[in-house]
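Have the coordinates open as you read.

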Amino acid sequence: MKTHAQAVVIGGGLVGCSILYHLAKLGWTDVVLLERDELTSGSTWHAAANIHGLHDNNNITRIQHYTMNLYKQLEAETGQGCGVFQSGSLYLAQTEDREHQLRLQEAKARFYGLNFHEISREQAMELHPLAQFDDIRCIMFEPDGGNVDPSGVTHAYAAGARAMGASIERFCPVLGTEQQPDGSWIVRTAKGDIHTQWVVNAGGLWGREVAALAGIELPLQPTEHQYFVTEAIDEVAALGRRLPSIADRDGEYYFRQEGNGLLIGAYEKDMQFWAENGTPLDFAHDLFPDDLDRIMENVIRATDRVPVAATAGVKRVINGPMIWSPDSNAIWGPVPELQNYFCCTGIIPGFSQSGGLGLLSAQWMIEGEPQYDMFAWDLARFGDWADKAFTKARVQDVYTHRFAIHFPNEERSAGRPARVRPAYQMQKNMGCVFGLNCGWEHPLWFADQPGVIETAGFTRQNWWEPVGREVQMLRDNVGVIDISNFANYVIKGLGAHDWLDRLVANRVPTEVGRSCLTPLISVRGGVAGDFTITKVADDEYMMIGSGMAERYHQRFFNMVDLPEGTSFEVATNRIAGFNVAGPRSRDLLQRLTNADLSNEGFRFMRSRQIEVAGVQCLAIRVSFTGDLGWELHCAEEDQVRLYTALLDSANDLGGGPVGGRALGSLRIEKGYGSWGREYSQEYWPHEVGLSGLIKLDKDFLNKNAYLAIKDTPPREVLSIFEIDAKIADASGGEPIFTPDGRPVGRVTSGAYGYSVGKSLAIGYVNPDAAQPGDKVEVFILGTPHSATVLAEPPFDPSGLRLRGLHQPAAEPAE
């Protein structure tokens, strides 16, 4: 066995073998895979192994398409059969919402050049004459859908990796993983130790146990999952061809041909957890006792769809384990708190995603970053707050709602609250409806009374009008927005300025009381983040960024060594904040402080320590609303006191609390981008309008990567659109076409602009295909909606209000 390797992959299932194959394919051939038993042990061998290309997340669609195309290439390359059956998949919509979802996916397929299109009921019956479609509103057909052989695919990856020089050691359990002072690792096994640069945890069902060897706790929980295969059915055999699979997600089952019988699987409501306290180490090619009664309601719906299945005998029942994350997406990427430790586990649709997971994992390790923004999979989206109780509650929710539609802006309640601020109960009593952000409960909008539950759907929901009132209240008078879900960092010491200046692309302030906006450049030259940095005292800075990216950004912070005597603190837990914004925000604050808040005394992008209603605050004159405003940051223990005073004063001025939904509308009216939507490592600074904040007369992280792309013409340009929409607004992900049907771009954020009376969206367009003033079509609800590319934001394009140069109307009489 090797004693040295560039990477050691732990786990010989589907995904581990794919990562090994792609590492070798990208040039790392001195790599080893360790499997405690036989390849495919755990979840791989018993999987139904269905494959499909479309996903609600655009980038996951792209890697699923890559995966589906890879299997036949693997067969040709290795000579190992993958058992690829691509007889197509039928996707059924019983409800209007499901029809909206399928039509949107059809539009995305057309945008990406994928084969997914609507067919008639008659065409569906020709493809699957044993099924009935009388209750179906809409049918989509994916000709490349189907299934593969789990063992065949796994062994094809393994054969391809071996052919390129990679090694595989079976029956070689890992006993320990120990980080060395230089960041490398010693992997200890019964067959000897391996010194490696990278450890890859692809442990699957044992992902938790492998992580524990390195002192990591992953939010994962296994469950049981059942499907069964019928005896041969004469009507199936008589067809002489393979039937397409059926995805009837409203019916909560899946259906495909297996031999001359049928395979039926379900995600039942009466789900069962397994191995809550750890996966047994002696578990391998094992199954659980059959329990078909648990899925019988789903099976009855399936046999109503294909009646010949109702009288067929059961040939084989598979009741095996699957391991889930809290949102059913992969737990993937380098662990930010460790060096060179990569995770790839918790994968559910593995046979649709294995190739993409392997490719992007290899890119991240070898090239420093994947080609796509995959934060939806990044393990950094969870922190310590995603404990066992939260994970179990969320896994139960995602399992039992596996086929439910995940609507735009939808917030699931399972496992919450995980983290709350002192003002939580006060806000709840005020009628606040909360969302989840990096574990924190934060206000989305305020109902007229406590206990209101928001509805979810593709069209405008019960929060649409209340959010509009909040927007108009702030634009006319003043609003108070809780921004405690932002990430806060405090950097202190003689080297604080030097460290920050080497980290970010803009010049860091040298004068106390000044602030700057700055991008953080990614490994490939894109936008890894955007921050507000304020010098609050001699040798002390406060940096504010996206709350959900707090752990993600830690990887970049770790790339720049802290000077001796300099400290870096993630201070989010101890700092709370509010944005007071609107034309009367100065009037509100002036009632509560003796500080000079005039334009001359407190200029835009300046900061000061002030006392507001007796609470010490760091006040920064900036606002994400595009209106006159201040951010106030205080100690968490002072949050309720400050909030109470701000709301009392706001009420006197015709203002009040404003939530995150309204903030989304406000920033879109102004054309402001947001991390994770408009900004990510996938987009270049000159594509998003941030290149003016990059100073080339200084060094900063990944400067050479930026220099390599800065003069390359933009592939796409961040733009704002006015849309002719009446019942639904864009939310993100909708494709954009020219009126003659050419794909031109996609939406990243959307909302109704209440203060300008227009449905709006922000997104990217190809500048060679669409310019300001041009007409385009945005596919909201999967249907074309006429839109115009705007030359400037519809709200205050000159920035007068933001700079306090707009004169508000006279204050109403008491």
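## Second largest pocket

The model is predicted. Its second largest pocket holds about 640 Å³ of space. The lining counts 25 residues, and Glu337, Phe382, Gly383, Asp384 and Arg551 are the closest to the pocket centre.

Which element gives the largest share of the lining? Helix α14 (residues 550-557) does, with three residues. By class, the lining of this pocket splits into 12 nonpolar, eight charged and five polar residues.

## Nonpolar cores

In soluble globular proteins, nonpolar side chains tend to be buried together. Here the largest nonpolar core has 48 residues. Leu23, Tyr71, Tyr157 and Trp332 have the most contacts inside this core. Several elements give two or more residues to the core, among them the helices α1 (14-25), α2 (58-78), α5 (150-163) and α9 (350-367). The largest share, seven residues, comes from α1.

A second core is separate and has 39 residues, including Tyr489, Ala528, Ile762 and Leu790.

## Around tryptophan 332

What does tryptophan 332 touch, beyond its neighbours within four places in sequence? Its contacts include the aromatic residues Phe342, Trp364 and Trp377. Cys343, Cys344, Leu357, Leu360 and Leu379 are also in contact with tryptophan 332, as are Ser361, Pro370, Met374 and Asp378.

## Helix α17

Helix α17 (residues 660-669) is mostly covered, with eight of its 10 residues buried. The buried set is Arg661, Ala662, Leu663, Ser665, Leu666, Arg667, Ile668 and Glu669. Just after α17, glycine 671 has a positive phi of about 80°.

Technical notes. Residues are numbered from 1 along each chain as its sequence is written. This is a predicted model: local features need pLDDT of at least 70, side-chain atom pairs count only at pLDDT 80 or more; totals for chains, interfaces and linings use all residues. Side-chain values use heavy atoms; hydrogens and water are left out. On a 1 Å grid over the protein atoms alone, a cavity is a set of points where a 1.4 Å probe fits but cannot get out, and a pocket is an open set with protein on both sides within 12 Å along at least five of seven lines; lining residues have an atom within 4 Å of a point. Grid points are joined across faces, edges and corners, and a volume is the space filled by probe spheres set on the points. Helices (H or I, at least four residues) and strands (E, at least two) are DSSP runs, numbered from the N terminus. Ala, Val, Leu, Ile, Met, Phe, Trp, Tyr, Cys and Pro count as nonpolar, Asp, Glu, Lys and Arg as charged, and the others, Gly among them, as polar. Buried means under 20% relative accessible area, exposed over 50%, partly exposed in between (1.4 Å probe, protein chains only). A nonpolar core is a set of buried Ala, Val, Leu, Ile, Met, Phe, Trp, Tyr and Cys residues joined through side-chain atoms within 4.5 Å. Contact means heavy atoms within 4.5 Å.
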